Amino acid sequence: MESTATSAAGVSTRTGAPPAIAIDALTKRFGQVSAIDGLDLVVQPGEVVAFLGPNGAGKTSTIDVVLGLSQPTSGSVSVYGTTPREAVAHGWVSAVMQTGGLLRDLTVRETVEMTASLFARTQPVDVVLERAGISPIAGRRVGKCSGGEQQRLRFAMALLPDPRLLVLDEPTTGMDVEGRRAFWSAIRDDARLGRTVVFATHYLEEADTYADRIVLVAHGRVVADGTPSQIKALSSGRVVRATWPGVRLADLDGLPGVDDLEVNGDVVLVHANDSDAVARHLLTRTPATDLEITARGLEDAFVSLTSSEVTR
Ligand SMILES: Nc1ncnc2c1ncn2[C@@H]1O[C@H](COP(=O)(O)OP(=O)(O)OP(=O)(O)O)[C@@H](O)[C@H]1O
């Protein structure tokens, strides 16, 4: 994805508009726990961004600050050039929460109508039902809706103020495959009209399929930021493990296509995209034995990216 050029202050040089989200050196501590540890991020209007990271990475803590639900320990966050609370009060930002907020005995339409009555001005109820893909079930009681349908109902409610930015925190947890697909298809169709979407997820596949840009977070920091294919490349490849008594790093100089190397005692760990070439080299040209080849997961990419950040 080609991102809009930005100035140092994060203002789009193409449009002159402030970014949807500008986060600068954000930290958030809970007692001894550092939930966010110097996070910087700029999201431009119209982007669909996945906030991807393992449990405890700091995704929810960051989203809570963006929504004005929690205050930073230090650093700054602005949303469309103003404070998160003001942006929410203007109706510029809506969130799709994972649970709560629904009454089982109301119908889908009644739920949206009731929420609309709380706002001074909203989009027509029929429009948001249509956008969320739930017009056909408008007369159904909420208690009879599947988890996926209830999430699309929350999406319809979030659309009422016609927000510029939609924030979703792990919105598909617990949904079946079909529910996820229908939910994301409604979100994507809506985002095509220009809405900015930021969603947190654990799942690389979900980020890959539905986001234009993936921001990888670990230990409260951004450890990688790029298109889905750039991020996937970080987690691709394999690890070749071998036993080589007395090995030194210098012995591994001739290895082909190596991304990363570790030597722990007599054990060699080689991270590489072409694991066959590494294995062939180790078996034919060195005394290495006991080879094991394993796929390198996203978790590994998190770990290696985070440790390289720390040692930098
Ligand atoms: N209210 C709190 N009090 C104490 N610690 C907290 C609180 N909220 C979050 N944390 C801690 O901050 C860290 C980051 O948590 P956060 O929920 O932001 O991560 P996450 O990436 O959203 O994780 P998950 O995917 O599991 O929801 C974790 O170590 C968590 O235990």
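Colleague: Which strands does α1 lie across?
Modeller: First the conventions. This is a predicted model, in which local features need pLDDT of at least 70 and side-chain atom pairs count only at pLDDT 80 or more, while totals for chains, interfaces and linings use all residues. Residue numbers start from 1 along each chain as its sequence is written. Helices (H or I, at least four residues) and strands (E, at least two) are DSSP runs, numbered from the N terminus. Two residues are in contact if their C-beta atoms, placed from the backbone, lie within 7 Å. Axes are lines fitted to C-alpha atoms, for helices over the stretch in contact, and angles run from 0 to 180 degrees between N-to-C directions. In this model, α1 lies across β3, β6, β7 and β8, and runs at about 150 degrees to β6.

Colleague: In what order do the six strands of the open sheet stand?
Modeller: In general, strands of a sheet pair through backbone hydrogen bonds, either parallel or antiparallel. Two strands count as paired if DSSP finds at least two bridges between them. Here the order is β5-β6-β7-β3-β8-β9, with mixed pairing. The edges are β5 (93-96) and β9, each of which pairs on one side only. From one strand to the next, the twist averages 20 degrees. Within β7, alanine 200 is the bridge partner of phenylalanine 51.

Colleague: How many bridges join β1 to β2?
Modeller: Eight bridges join β1 (residues 21-30) to β2, and the two run antiparallel. Alanine 22 has valine 42 of β2 as its bridge partner. Two residues lie between the strands of this hairpin, where glycine 31 takes a positive phi near 60 degrees.

Colleague: How many residues does the largest nonpolar core have?
Modeller: A nonpolar core is a set of buried Ala, Val, Leu, Ile, Met, Phe, Trp, Tyr and Cys residues joined through C-beta atoms within 7 Å. The largest one has 68 residues, and those with the most contacts inside it are Ile21, Ala156, Val167 and Leu216. A second, separate core of ten residues includes Ala242, Val268, Val270 and Val278.

Colleague: Which strands make up the open sheet of four?
Modeller: Their order is β11-β12-β10-β13, and the pairing is antiparallel. The edge strands, β11 (258-264) and β13 (289-295), each pair on one side only. Strand β10 (residues 238-243) pairs with β13 over five bridges, and arginine 238 stands opposite alanine 295 in β13. Helix α9 (residues 275-285) lies across β10, β12 (267-272) and β13, at about 10 degrees to β10.

Colleague: Which element gives the largest share of the shell around the ligand?
Modeller: A residue is near a molecule if its C-beta atom, placed from the backbone, lies within 6 Å of it. The residues around the ligand include Phe30, Val33, Lys59, Thr60, Ser61 and His202. Helix α1 gives three residues, the largest share. By class, four are nonpolar, seven polar and one charged. Here Ala, Val, Leu, Ile, Met, Phe, Trp, Tyr, Cys and Pro count as nonpolar, Asp, Glu, Lys and Arg as charged, and the others, Gly among them, as polar.

Definitions and conventions:
A residue is buried if 20 or more other C-beta atoms lie within 10 Å of its own, exposed if 12 or fewer, and partly exposed in between; C-beta atoms are placed from the backbone.
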